[in-house]
Amino acid sequence: MSQQATDVTHRLVSSPAGRTHLVEQGTGPLVLLVHGFPESWYSWRHQLPVLAAAGYRAVAIDVRGYGRSSRPGDPQAYRMLELVEDNAAVVHALGEQSAVVVGHDWGSAIAANSALVRPDVFRAVGMLSVPYAPRGGPRPSTVFAQLGGDEEFYVSYFQEPGRAEAEIEPDVRGWLAGFYAAMSADTMPAPEAPGPHFVGRGGRLRDRFPTGRLPVWLGEADLDLYAGEFERTGMSGALNRYRNMDRDWEDLADFDGAPLTQPSLFVGGGMDASTTWMADAIGAYPTTLPGLVSSQILDGCGHWIQQERPAEINRLLTDWLASLPA
């Protein structure tokens with residue numbers, strides 16, 4: 001088992017969100033770690049001590065809407081440009097002028113857009129699980145509505161405020177356990193089973209989640225921590241990220257098709273739908289990521305990549321960070 005973060009400092013700093021909660025360890029060049037849905041800073045528990053030991057100031061945040069960070073009530077407050085400015089504000093609040101930003105899942109998109117919109121702050125970008133795909137094409141809601149035939153894609157299911165909350169919040173711990181298991185290599189449904197990313201007519205997303213055991217990477221105490229955070233905060237702040245995808249498409253129109261030019265890293269899981277569905281985006285990296293240093297697919301790995309395969313992710317991250325210009 002990888003070393004986990006124990007000797008860490010928790011801090012609240014001012015940001016456009018109001019406050020951003022962060023956890024830091026180590027000294028040296030700043031590496032900002034951005035989590036995805038439905039997680040928290042804790043998803044980087046295996047990376048913080050290793051990055052600190054390698055000579056970096058490793059900082060994992062709670063994204064706006066999560067944990068001890070502010071949770072604005074207006075769903076529009078969770079648009080991508082707001083999250084980019086939160087990240088930049090954290091860097092400056094820590095007394096730094098620049099940082100490397102690394103994200104997983106939604107955090108990957110937040111990290112990529114942080115580098116795209118604020119190249120003055122973010123000098124390199126690492127993306128886990130979700131590949132970089134430049135803004136373009138039809139409005140996202142139009143694309144999602146066409147997926148699944150008679151079934152509803154989970155992103156569409158998340159759009160109506162209160163709908164997914166009504167499914168999740170009566171049993172946060174059970175729902176999270178199923179959601180994590182549905183996308184973990186050792187517990188995900190068989191390929192021929194109904195897809196857990198779709199909702200049957202009149203059904204719930206959790207109807208297709210596996211039950212009975214937790215993924216090997218997720219201990220009972222880990223699940224307790226995640227569940228406790230969402231039981232305290234509710235799910236709306238986390239879900240509101242999905243409710244801004246059309247707004248992001250409008251806000252980022254000036255960046256249509258734009259490449260990310262900073263030094264970059266991508267690592268995906270071979271059994272992760274985010275990687276397989278977006279294979280074309282990975283294939284376009286010579287154009288969209290001209291600064292790409294390394295792109296890796298981990299065979300037999302699911303979606304929760306830095307928790308499923310911490311030793312490999314730590315090695316890939318530290319090797320990539322060591323290759324960056326000082």
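This is a predicted model: local features need pLDDT of at least 70, side-chain atom pairs count only at pLDDT 80 or more; totals for chains, interfaces and linings use all residues.
Start at D105, which sits in the loop between strand 5 (99-104) and helix 3. Take a look at its backbone: phi of D105 is near 60°, a positive value, and this residue isn't a glycine.

Now hop over to another loop, the one between strand 3 (30-34) and helix 1 (48-53), where you'll find P38. The peptide bond that joins F37 and P38 is cis, with omega at about -15°.

How many cavities of 30 Å³ or more does a search of the whole structure find? It turns up 3 of them. The largest cavity holds about 80 Å³ of space. Its lining is made of 13 residues, and those nearest the centre are V63, Y66, W106, I110 and R241. Helix 3 (106-117) and helix 9 (236-239) each give at least two residues to that lining. Sort the lining of the largest cavity by class and you get 8 nonpolar, 3 polar and 2 charged residues.

The second largest cavity has a volume of about 40 Å³. Around it you'll find T20, V34, I61, D62, V63, R64, L83, D86, N87 and I110. Which helix gives the largest share of this second lining? That's helix 2 (residues 80-93), with 3 residues. By class, the lining of the second largest cavity splits into 5 nonpolar, 2 polar and 3 charged residues.

Finally, find helix 7 (residues 172-182) and helix 8 (residues 220-233), whose axes come within 9 Å and cross at roughly 125°. What do we call an angle like that? Angles of 65 to 115 degrees count as roughly perpendicular and those over 145 as roughly antiparallel, with the rest being oblique. Helix 7 and helix 8 are therefore oblique to each other. Their crossing is right-handed.

So who touches whom? On the helix 7 side there are V172, R173, L176, A177 and Y180, and they meet E220, L223, D224, Y226, A227, F230 and E231 of helix 8. Taken together, the residues of this contact are 8 nonpolar and 4 charged, with no polar ones.

Conventions: Residues are numbered from 1 along each chain as its sequence is written. Side-chain values use heavy atoms; hydrogens and water are left out. Axes are lines fitted to C-alpha atoms, for helices over the stretch in contact, and angles run from 0 to 180 degrees between N-to-C directions. Helices (H or I, at least four residues) and strands (E, at least two) are DSSP runs, numbered from the N terminus. Angles under 35 degrees count as roughly parallel, over 145 as roughly antiparallel, 65 to 115 as roughly perpendicular and the rest as oblique. A crossing is left-handed if the near helix is turned anticlockwise from the far one by less than a right angle, and right-handed if clockwise. Contact means heavy atoms within 4.5 Å. Ala, Val, Leu, Ile, Met, Phe, Trp, Tyr, Cys and Pro count as nonpolar, Asp, Glu, Lys and Arg as charged, and the others, Gly among them, as polar. On a 1 Å grid over the protein atoms alone, a cavity is a set of points where a 1.4 Å probe fits but cannot get out, and a pocket is an open set with protein on both sides within 12 Å along at least five of seven lines; lining residues have an atom within 4 Å of a point. Grid points are joined across faces, edges and corners, and a volume is the space filled by probe spheres set on the points.
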